[in-house]
Amino acid sequence: MNTTKKIISAALLSAVSSLSIADTKVIYAGQLLADARQAPQSQMSVIVEDGKIKAVKKGFVEMGEYEGATLVDHRDRFVMPGLFDMHVHLQFELGPNNKIETLTESSELVAMKSVMFAERTLKAGFTTVRDLGSEPQAMYALRDAINKGWVDGPRIIAAGQVSITGGHLDIDGMRHDLLEKYTAPYVCDDAAECQKATRQAIKYGGDAIKIASTGGVLSDTSTGTGQQMTDPEIKAVVDTAHALGRKVASHAHAAEGINAALRAGVDSIEHGSYSNAESIKLFKKSGAYLVPTLLAGHTVVGMAKSSNFMSADIKAKALRVGEDMKAAFTKSYKGGVKIAFGTDSGVSIHGTNAHEAVLMKEAGMSEKDILISATINASDLAGLSSSVGQLKAGYAADMIALEQSPLKNIETLKSVSWVMKGGKVVK
């Protein structure tokens, strides 16, 4: 009887061991950038177990140590952490049919479309994104479905939006009854209302809060890009969100709106198109990040010049602001402002997110700092720096492989050949 028990126990231990090994992957890396702040290392091995990094070892480990594990041989490639995009809109892509689609596509179909855009984004090497403007419940559902492993997509930080009436995040450019139907769910018009709207947005699932302290380029109105939310309204949102453990991102073009948001304590400024000397001082004092979205500016300028679907108001703003964003980014970067990578994809085409890096390089940012912005800085802004953004023991096994080093040729980020997220190879 004792012998039988021993045999059964040995068999069970063997089965458990086999299951453990079956979930183990060994990645050989010709060059490994484990931390974008450090130099890459040659001939490294990354051991992945149950979706997390178990160890990072020098040399190419003997597979006999990991019998039954899967080998991923990237001895001829550059391996680095998965990229972050801190400003996306996964439910749409800008184009001539957007208003028609609002009326013809059901919310359910839009949700299905977001699954497609999420998968494209992931396969482009972006394993974590922050969605800053979608129909909230559908985006929360996509976030949760991805977390459960039901569909493939990047890890999503899904923001709730708080808007003033008639502000950039409210609906515009439609007849009155449609304006009433599509008015944003969390609209406010004084500090007390904005406090309540923020609490509601968080109650219903927001991982973060987005506001628009200024007008926007794509608002179909002639109200401009100056400050629109009042200082007390901005402060009410920021204080309420922070009290509930949520960060605040502020869409902001004009300097007065940027500076008001920074004084109120926002965690990031999106676009920052007309940052001035005071803005740079406030960025550095507060520790807030700039999410530049140069790709959005590049995209709307091209559309304004080559197509006729934009209204006259939108086209005028696109040509003016889109051309000015790069100069403001260069000043901010050279002034020591912290930068987190973000594209505003949805304005641009999903899956082309890495072109932002090319535009950042053209604007004077070093390749090293671009990679830091898309990993270390972005993970800090996301509040995930203890679990993603680096390749080290205990972190999520999010990584990409490239044919060349992006430290020598940033364009190579546009051609990611292999993607792993949470230990699962998705490309």
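User: Happy to start with helix α12: how many of its eight residues are buried?

Analyst: Do keep in mind that this is a predicted model, where local features need pLDDT of at least 70, side-chain atom pairs count only at pLDDT 80 or more, and totals for chains, interfaces and linings use all residues. Residues are numbered from 1 along each chain as its sequence is written, and side-chain values use heavy atoms, leaving out hydrogens and water. Buried means under 20% relative accessible area with a 1.4 Å probe, protein chains only, and helices are DSSP runs of H or I with at least four residues, strands runs of E with at least two, numbered from the N terminus. Helix α12 spans residues 355–362 and is mostly covered; among its buried residues are H355 and M360. The number buried is six.

User: Which residue with a positive phi follows α12?

Analyst: The phi in question is near 110°. The residue after α12 that has it is G364.

User: Which strands stand at the edges of the open sheet?

Analyst: Seven strands with mixed pairing run in the order β3-β2-β1-β4-β15-β16-β17, where two strands pair if DSSP finds at least two bridges between them. Each edge strand has a single partner, so one side of each is left without a neighbour in the sheet. The edge strands are β3 (52–58) and β17 (424–425).

User: Nice! What is the bridge partner of Q31 in β4?

Analyst: Strands β1 (residues 24–32) and β4 (residues 70–81) run parallel and are joined by seven bridges. In β4, the partner of Q31 is F78.

How values were computed
Buried < 20%, exposed > 50% of the residue type's maximum accessible area, 1.4 Å probe, protein only.
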